[in-house]
Amino acid sequence: MPEAGALLGLGRNASYEAAKRGDIPTIRIGKLIRVPKAAFDQMLARVGAK
């Protein structure tokens, strides 16, 4: 999570808040929150296309 947020210029807490809002695509594995690379890349492509 923090690594994905860092790519977007977000801090740790802001990254988790963005994921909670659904701004960053995530999957939950037990207590872990992961950002799928393919979904993250697609999100960046959509944002960059605007």
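Author: Buried means under 20% relative accessible area, exposed means over 50%, and partly exposed lies in between (1.4 Å probe, protein chains only). This is a predicted model, where local features need pLDDT of at least 70, side-chain atom pairs count only at pLDDT 80 or more, and totals for chains, interfaces and linings use all residues. Residues are numbered from 1 along each chain as its sequence is written, and side-chain values use heavy atoms, with hydrogens and water left out.

Reader: Which pattern does the protein follow along the sequence?

Author: Helices (H or I, at least four residues) and strands (E, at least two) are DSSP runs, numbered from the N terminus. The protein has 3 helices and 2 strands. Read in sequence order, they give α-α-β-β-α.

Reader: What is the radius of gyration of the protein?

Author: The radius is taken over C-alpha atoms, and the globule rule is 2.2 Å times the number of residues to the power 0.38. For 50 residues the rule gives 10 Å, and the protein comes close to that, so it is as compact as a globular protein of that length. Its radius of gyration is 10 Å.

Reader: Is Ser 15 buried or exposed?

Author: Ser 15 sits in helix α2, residues 12-21. Its relative accessibility is 0%. Because of that value, Ser 15 counts as buried.

Reader: Which residues does Ser 15 touch, not counting residues up to four places away in sequence?

Author: Contact means heavy atoms within 4.5 Å. Leaving out residues up to four places away in sequence, Ser 15 touches Met 1, Pro 2, Gly 5, Ala 6, Leu 10 and Ile 24.

Reader: Within what arc do the buried residues of α2 fall?

Author: In α2, Ser 15, Ala 18 and Ala 19 are buried. Seen down the helix axis, they share an arc, so they line one face of the helix. The arc is that of the directions from the helix axis to the C-beta atoms. It spans 100 degrees.

Reader: What do the buried residues of α2 pack against?

Author: The face turned away from the buried side carries the exposed residues Asn 13, Lys 20 and Arg 21. The buried residues themselves pack against residues 2-7, which form α1.

Reader: What share of the residues of the protein count as buried?

Author: The count covers the 50 residues of the protein. The buried share is 18%.
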